[in-house]
Amino acid sequence: DWFRNTMMTEERVDGGLADLVFITKAGQVTEIEIKVSLSDWTADRHKDKWAKPRPHVSRFFYAVPETLEAKIPPSWMLPDGAGILVVREDEFRDYVHETKAARRVRALPFEHSRIADIHRRAYFRFWRSEIRRLRRRFTDTRTRVA
């Protein structure tokens with residue numbers, strides 16, 4: 001639930017760069033790694049983040065498009081306890097289906113100061129994006145008028 005929890009893209013967690021993290025009010029972290037191809041997915045197991053313990057991640061999922069669902073690697077290739085989310089697209093919206101549940105493990109929560117820092121960075125990321133959008137709109141308007 002992204003209205004109750006904090007969500008951030010490209011966040012560093014325990015030595016790795018997470019594609020997406022959800023952080024509960026209690027500081028519990030769920031990491032989601034997005035994979036778009038089978039080669040991308042199989043290469044993930046060689047990343048440095050798997051070489052050491054991940055004390056702050058309470059749940060871990062891979063999110064894959066429905067085209068990869070039939071090509072899911074065998075369980076021995078997946079990190080222990082990893083879950084799988086399959087994303088299906090239709091013309092109106094995306095659907096996410098949990099095909100394999102992630103095992104919840106006891107994890108250290110993020111400190112409130114770290115969550116506050118994530119909120120601050122999300123705020124500035126949003127406004128940088130908005131300023132770029134408004135700048136393009138202003139530039140397009142000036143070009144049409146001239």
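The side chains of Arg121 and Asp117 meet in a salt bridge, at 3.1 Å from N to O; the term covers a side-chain nitrogen of Lys or Arg within 4 Å of a carboxyl oxygen of Asp or Glu. Bear in mind that this is a predicted model, where local features need pLDDT of at least 70, side-chain atom pairs count only at pLDDT 80 or more, and totals for chains, interfaces and linings use all residues. Residues are numbered from 1 along each chain as its sequence is written, and side-chain values use heavy atoms, with hydrogens and water left out.

Back to the pair: Arg121 and Asp117 sit four residues apart in helix H2, so about one helical turn separates them. (Helices, H or I of at least four residues, and strands, E of at least two, are DSSP runs numbered from the N terminus.) Asp117 also meets Arg120 in a salt bridge, at 2.7 Å from N to O. Arg121 is partly exposed at 27% relative accessible area, and so is Asp117 at 28%; here buried means under 20%, exposed over 50%, and partly exposed in between, with a 1.4 Å probe and protein chains only.

The count comes to 14 salt bridges. One of them joins Glu11 and Arg114, at 3.5 Å from N to O. Glu11 lies in strand S1 and Arg114 in helix H2, so this pair ties together parts that are 103 residues apart in sequence. Glu11 is buried, at 3% relative accessible area, while Arg114 is partly exposed at 24%.

Now for the inside. The largest nonpolar core has 19 residues, and Val21, Ile23, Trp41 and Phe110 touch the most other members. Such a core is a set of buried Ala, Val, Leu, Ile, Met, Phe, Trp, Tyr and Cys residues joined through side-chain atoms within 4.5 Å. Strands S1, S2, S4 and S5 and helix H2 each give two or more residues to it, and S4 gives the most, with four.

Patches take residues with over 30% relative accessible area and no salt bridge, joining like charges within 9 Å and nonpolar side chains (Val, Leu, Ile, Met, Phe, Trp, Tyr) within 5 Å. Ile131 belongs to helix H2 and is partly exposed at 43%. There's a negatively charged patch too, made by Glu66, Glu69, Glu89, Asp90, Glu91 and Asp94. Glu69 is found in the loop between strands S4 (57–65) and S5 (83–89), and is partly exposed at 36%.

Terms used:
Areas by Shrake-Rupley, 256 points an atom, 1.4 Å probe, with all protein chains shown as cover. Lys, Arg positive; Asp, Glu negative; His and termini not counted. Charge placed at Lys NZ, Arg CZ, Asp CG, Glu CD.
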